[in-house]
Amino acid sequence: DVAFPCASQNELNHSDALQLVNSGCQFLIEGSTMPCTTEAVDILRKSKVFVAPSKAASAGGVSVSIL
């Protein structure tokens with residue numbers, strides 16, 4: 001139901017996005033910078049999967065990393 005791509009940039013492509021949609025994924029929370037290709041994001045959004053972009057999803061880590 002929830003996917004957390006966190007490894008690297010462009011980790012999820014067109015076919016990966018289709019697999020997530022077909023398996024019932026409802027939320028995708030980006031843990032790394034730009035883990036999805038543009039095509040993957042388009043498929044996820046058209047399929048009504050909530051995509052939390054990495055800038056918003058990992059903003060807390062950036063703010064506390066300087067402490």
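This section describes the fold of a predicted model, with attention to helix 2 and Ser54.

The secondary structure of the protein comprises 4 helices and 3 strands. Along the sequence, the pattern is β-α-β-α-β-α-α. Of the 67 residues, 30% count as buried.

Helix 2 spans residues 38-46. Its buried residues are Ala40, Val41, Ile43 and Leu44. They lie on the same side of helix 2, because they cover an arc of only 160 degrees around the axis. These buried residues pack against three elements: helix 1 (14-22), strand 2 (27-29) and strand 3 (50-52). The face turned away from the buried side carries Thr38, Arg45 and Lys46, which are exposed. Lys48 follows helix 2. The phi of Lys48 is positive, near 65 degrees.

Ser54 belongs to helix 3, which covers residues 54-57. Its relative accessibility is 11%. Ser54 therefore counts as buried, the cut-off being under 20%. Ser54 and Ile29 are 25 residues apart along the chain. Their C-alpha atoms are separated by 7.3 Å.

Methods
Residues numbered from 1 in each chain as written. Predicted model: local features only at pLDDT ≥ 70, side-chain atom pairs only at ≥ 80, totals over all residues. Heavy atoms only, no water. Buried < 20%, exposed > 50% of the residue type's maximum accessible area, 1.4 Å probe, protein only. Helix = DSSP H or I, 4+ residues; strand = E, 2+ residues; numbered from the N terminus. Arc of directions from axis to C-beta. Contact = heavy atoms within 4.5 Å.
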